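Visitor: Please take me closely through one part of this model. I want partners, distances and cut-offs.

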Amino acid sequence: MALKIQIKPSQKILINGAVIENASGRAASLIVHNPASILRDQDIMQPDDARTPATRIYYALQCLYIFPEEAEQYKAIFKRFVEPYADAAPSARPIVDEIQQQVQGGHIFQAMKTARKLIAHEGEVLRNVEQNLAETLRHPD
């Protein structure tokens with residue numbers, strides 16, 4: 001089944017590692033007729049943006065998705081980040097388990113979507129830590 005993609009003016013997408021930009025002043029449509037690794041602008045994380053443990057997990061998955069010919073390298077990087085994260089943030093274990101199952105099943109794009117939940121969870125945990133620290137500093141009892 002073909003996939004139809006709408007690309008806004010100046011929007012970029014990645015198809016099998018090639019960056020494609022809509023250079024026209026109007027929306028463009030593409031139809032992809034065979035399986036391909038496709039990421040839209042909003043799904044692409046730049047290397048400099050992978051600063052936290054959860055974003056590093058997402059970035060490793062993104063590389064695994066974009067560069068399947070280097071799967072072993074990126075799976076090793078993913079594994080190096082994911083287990084320490086789950087150990088450090090036990091409340092993230094269900095999300096981590098889901099990501100690992102998706103990776104084992106070869107569903108890398110789904111794993112990337114689930115990793116976005118992990119990034120949101122990480123943000124929530126950090127906000128809670130900051131709030132608790134601020135409260136402790138206000139009331140040092």
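Guide: What follows covers helix packing first, then a charged cluster, then a few points elsewhere in the chain.

The model is predicted, so local features need pLDDT of at least 70 and side-chain atom pairs pLDDT 80 or more, while totals for chains, interfaces and linings use all residues. Residues are numbered from 1 along each chain as its sequence is written, and side-chain values use heavy atoms, with hydrogens and water left out.

Start with helix α2, residues 71-88. Helices here are DSSP runs of H or I, at least four residues, and strands are runs of E, at least two, numbered from the N terminus. Helix α1 spans residues 53-66. The α1 and α2 axes come within 9 Å and cross at roughly 160°. Axes are lines fitted to C-alpha atoms over the stretch in contact, with angles from 0 to 180 degrees between N-to-C directions. The two helices α1 and α2 are therefore roughly antiparallel (an angle over 145 degrees). Their crossing is left-handed: the near helix is turned anticlockwise from the far one by less than a right angle.

Now the residues in that contact. α1 contributes P53, A54, R56, I57, A60, L61, C63 and L64. From α2 come A71, Y74, K75, I77, F78, F81, V82 and Y85. Contact means heavy atoms within 4.5 Å. The residues of this α1 and α2 contact divide into 14 nonpolar, no polar and two charged. Nonpolar covers Ala, Val, Leu, Ile, Met, Phe, Trp, Tyr, Cys and Pro; charged covers Asp, Glu, Lys and Arg; the others, Gly among them, are polar.

Next, follow α2 to α3. Helix α3 runs over residues 93-104. It packs with α2 at an angle of about 155°, the axes 9 Å apart. α2 and α3 are therefore roughly antiparallel to each other. This crossing, too, is left-handed. On the α2 side sit F78, V82, E83, Y85, A86 and D87. They meet R93, V96, I99, Q100 and V103 of α3. The contact of α2 with α3 splits into seven nonpolar residues, one polar and three charged.

Turn to the charges. Side chains of opposite charge can pair when their charged atoms come close. The whole structure holds four salt bridges (a side-chain nitrogen of Lys or Arg within 4 Å of a carboxyl oxygen of Asp or Glu). R93 takes part in the bridges described here.

Take R93 with E83. Their side chains meet at 3.2 Å, N to O. R93 lies in α3 and E83 in α2, so the pair ties together parts 10 residues apart in sequence. R93 is partly exposed, at 26% relative accessible area. E83 counts as partly exposed too, at 28% relative accessibility. Buried means under 20%, exposed over 50%, and partly exposed in between, with a 1.4 Å probe and protein chains only.

R93 also bridges to D87. Here the closest N and O atoms are 3.9 Å apart. D87 is exposed, at 56% relative accessibility.

The R93 and D97 side chains meet in a salt bridge at 3.2 Å, N to O. Both residues lie in helix α3, four residues apart, about one turn. D97 counts as partly exposed, at 30% relative accessibility. Shared partners join E83, D87, R93 and D97 into one network.

G105 sits in the loop between α3 and α4 (108-138). It is partly exposed, at 44% relative accessibility. G105 and S24 are 81 residues apart along the chain, and their C-alpha atoms are separated by 39 Å.

Finally, the strands. S10 lies in the loop between β1 (3-7) and β2 (12-15). Its phi is near 70°, a positive value in a residue other than glycine. N16, in the loop between β2 and β3 (18-21), has a positive phi near 50°. I20 belongs to strand β3 and is partly exposed, at 32% relative accessibility. Not counting residues up to four places away in sequence, I20 touches Q11, K12, I13 and I15.

Key: Parallel < 35°, antiparallel > 145°, perpendicular 65-115°, else oblique.
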